[in-house]
Amino acid sequence: MHILGINTGLNSSAILMKDNKIVFGIQEERLSKIKNQPGFPTLSIQAALKAGGITLDQVDKVCVAGKSSKIPHSRNEDLNKFHDRYGEIKKIWFGDRENIFAKLAQKGLQKFAHAEKKENIKKLDDYLEEYHLTSKHERFDHHLCHASSAYYGLAENKNDKYLIFSLDGGGDGRTSAVYIGHENKLEEIAASDSFSPACLYAHITYIMGFMPHEHEYKLMGLAPYAQPKYADIAKEMLYQFIGFSDENPLVFTNTPKYQDLRNSGSPQKQQLIHDLYKSVLGVRFDTLSAGLQLLAEEVAIKWVKAGIKQTGIKKVLLTGGFFMNVKANKLISEIPEVEFVNAFPSCGDESNAFGAAFLGYQKLRKENSPEIVFEGCCVGTEATFDIEEAMNKYKDKVSFEKVADINGKVVELLIARKIVARCSGKMEFGARALGNRSILASPDDMRIINKINAAIKKRDFWMPFAPASMEDKLDLVVDVPNSLKKSYSPYMMFTFDVKPAMYDKIVAGIHQADKTARAQTVSQKIYPEFYDIISKFFQKTGIPTVLNTSFNLHGFPIVQGACDAIDVYLNSELDVLVVGNYLITRK
Ligand SMILES: [Fe+2]
């Protein structure tokens, strides 16, 4: 039985299941080279079928995440909504000078948006018909897909009960939902359609000049630099936009002033945007980020605690774009009542392709047939799929050296303070590079940050890099809360407090303002090769950690295979490149 799961929204994607296992999964951006590419994932579907060795006729069921037929076709669609809404407000506040702000915003953000020719714009139904999929497709609710990805992917024992929280900027008319997962079934116990904390985050991201629904993490990273006393004031001010139901604290509500906000055509939507803009004007960038982050953390904690109190269930799963907020996730992991917590890897809408496929499998599943197996998110293209093409294409520009102990060689280079780009094994699905499409460096020298930024990343100066640590040595590096002692953080979805004794040893992988780290815990089982590198590095240095950041040019998606990797290598100042067993250097 073959099931195809697709997400046609922002960061579109496709996954292929054969029976209860995932054969392949990829985001459209990795193939189109347009970051967060939305729309029908034509290229991803082709890649999935190729990986599975089947044709579209052999797919038994196509599971679509989301009920809506309208699909976005470019990042412009999303961005233009913000430009339009705020354009009106800015005209009121700045009159003719608004033009300058609009021009600046458009100039700054246009590089992220890619228009599609109008005549190419199609609805989902048109695509399904074109590919003869109409009769075998089924659409599943957006938040149910989020919950499904987390539950079927991450619940370790389906006989136990799990409480699943889904929160985002909106999908199928709702912005949050809470489910109980038990015995391979999902039951919705609460939902809301209010202006959510994720909506607030997106709007302030836009107001601060960043790309909404993409750059929220930059505000989260900026937050610890603010002075707490001012951050508290900003947080209280922002509470005028977010509320909870008095009857049921599992339900977010609009505050009384904006209670009809979600009704289409309601003037309150524009009113909220007006009030929000007016409220934040003049608030310092770091203070505003910190106030917003404090609010996000407080409401997330309150929400999860309310769920535990109401249901008695202490195993918690987090999903939906909001929970890309690794700082809020950290605080949830530290709630004493939480016995177990995990967040689906890269829980934005891209992972709804998993959720939809899992729901489809459950529908077709016969009694006594096996449960869904999720063995991590390295389910994409094999790094060396195009190595022969790459050797031919780049033979005049780079040298290829096959190395028997390539992991040992990588460690040798890291110790020599080289920046190593690694493209090996199957590509990770989702926002995080987890060692297979990663830039690696020694973590004990701050100067490496400037070196990586100059060579390739051009990362915002306040944003930290992340450490990847051996799972069995994690206790040496960070404080691990009880709730994460089973699941750890294999997908970089949580931050941790770094042990003071490790500050100097992993200094380049720590947030400099609050000494936390978004650690990836690397287990021998899930990532045998990457684990081998870190353990060899540990044997030589006593540090069970390497620095890990994604292998991509600034503003572009993560590389896919050998050709991509060499192309990026040649367009950067990275020291060396590793693809599979090949050490690649410039001629
Ligand atoms: Fe979503």
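In this predicted model, the iron ion is coordinated by His-142 (NE2), His-146 (NE2), Asp-168 (OD) and Asp-349 (OD) at 2.1 to 2.3 Å, donors being N, O and S atoms within 2.8 Å of the metal (3.2 Å for Na, K and Ca), with water not among the atoms, so sites may look incomplete. Along the chain, the spacing of these donors is H-x3-H-x21-D-x180-D. Asp-168 lies in strand β6 (residues 162-171) and Asp-349 in the loop between β12 (340-343) and α13 (352-364); this pair, 181 residues apart, links distant parts of the chain. Helices (H or I, at least four residues) and strands (E, at least two) are DSSP runs numbered from the N terminus.

Asp-168 counts as buried because its relative accessibility is 4%, and Asp-349 likewise because its value is 19%; buried denotes under 20% relative accessible area (1.4 Å probe, protein chains only).

The largest nonpolar core contains 137 residues, of which Phe-165, Leu-200 and Leu-238 touch the most other members. Such a core is a set of buried Ala, Val, Leu, Ile, Met, Phe, Trp, Tyr and Cys residues joined through side-chain atoms within 4.5 Å. Helix α11 (residues 285-311) gives the most to this core, with 10 residues. A second, separate core of 31 residues includes Val-398, Ala-455, Leu-577 and Ile-584.

Residues are numbered from 1 along each chain as its sequence is written, and side-chain values use heavy atoms, with hydrogens and water left out. As the model is predicted, local features need pLDDT of at least 70 and side-chain atom pairs count only at pLDDT 80 or more, whereas totals for chains, interfaces and linings use all residues.

Conventions: Buried means under 20% relative accessible area, exposed over 50%, partly exposed in between (1.4 Å probe, protein chains only).
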